[in-house]
Amino acid sequence: YPDALFPSREVEKHEMATKDEEFVKRMKMLKTNFGDFVFDDLLNQPSPRLFSSHLSGKNLLPKKLFDGWKDGDDCAINGNVSNGDKAGTMNKGKGRLIVVVRNLKDTLVSLHHFRGVPKDGWFGNEHGPGSFARAIDIENCPNAFGSSFLWVKRSGVVVDAVGPERALVLLYEDLKLDFDTQLQRINNFLGLPKL
């Protein structure tokens with residue numbers, strides 16, 4: 001995960017000044033959509049640190065969350081937990097993980113409209129396979145944002161690996177329906193005083 005961010009403002013300034021125009025454009029888009037921070041900013045947050053991300057899989061999250069894993073283990077793709085059975089894993093890592101999952105049907109419909117209804121529509125036509133076919137194509141996943149199915153699978157493997165004491169899964173729809181109850185769940189999970 002640190003490799004996905006500039007390590008410091010100095011490195012960021014140097015890279016933005018020396019890289020090609022396409023790189024700079026891509027980095028500006030990432031900062032606009034995901035926040036203007038560097039890895040040092042995350043490390044220097046006061047404890048407890050809190051940051052949000054769309055990243056999933058062991059290889060893209062902070063390594064300290066997974067202390068006890070062997071470096072060669074790769075839960076991000078194959079779904080296997082190498083350091084114990086999924087339910088009983090006693091991971092010695094630090095930190096807590098909260099994963100918010102949205103109903104995949106709602107995700108698909110939202111992306112279809114949010115990204116602009118494509119020429120090939122929902123089910124496809126002479127212009128292409130359609131939003132539905134692209135979304136369920138797990139093997140090739142032509143969507144620039146990746147496969148929602150793989151994101152959920154990778155996140156599930158990470159949650160199993162981290163264990164129920166340090167990982168909480170929330171449903172986006174539950175947050176919308178009963179925010180107060182879900183906020184209390186988060187509060188209890190983090191061990192904070194009652195709201």
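The model is predicted, so to speak of local features we ask for pLDDT of at least 70, side-chain atom pairs count only at pLDDT 80 or more, and totals for chains, interfaces and linings use all residues. Residues are numbered from 1 along each chain as its sequence is written, and side-chain values use heavy atoms, with hydrogens and water left out.

First, the overall layout. The chain has 9 helices and 2 strands; helices here are DSSP runs of H or I with at least four residues, strands are runs of E with at least two, and both are numbered from the N terminus. Read from the N terminus, the order is α-α-α-α-β-α-α-α-β-α-α. Of the 195 residues, 29% are buried, where buried means under 20% relative accessible area, exposed over 50%, and partly exposed in between, with a 1.4 Å probe and protein chains only.

Now the core. The largest nonpolar core has 10 residues, among them Leu-61, Phe-66, Val-99, Val-101 and Val-159. A nonpolar core is a set of buried Ala, Val, Leu, Ile, Met, Phe, Trp, Tyr and Cys residues joined through side-chain atoms within 4.5 Å. Strand S1 and helix H7 (148-162) each supply at least two residues of this core. Leaving aside residues up to four places away in sequence, Val-101 touches residues including Trp-151, Val-169 and Tyr-172; a contact is heavy atoms within 4.5 Å.

Next, H9, which covers residues 179-189. Which of its residues are buried? They are Gln-182, Ile-186, Asn-187 and Phe-189. Down the axis of H9, the buried residues fall within an arc of 165°, so they line one face of the helix; the arc is taken over the directions from the helix axis to the C-beta atoms. As background, an α-helix has 3.6 residues a turn, so residues three or four places apart point the same way. On the face turned away from the buried side of H9 are the exposed residues Asp-180 and Asn-188. What do the buried residues of H9 pack against? Their partners are strand S1 (97-101), strand S2 (167-171) and helix H8 (172-177).

Last, the segment after H9. Leu-190 sits there, and its 38% relative accessibility makes it partly exposed. Just after H9, Gly-191 takes a positive phi of about 70°.
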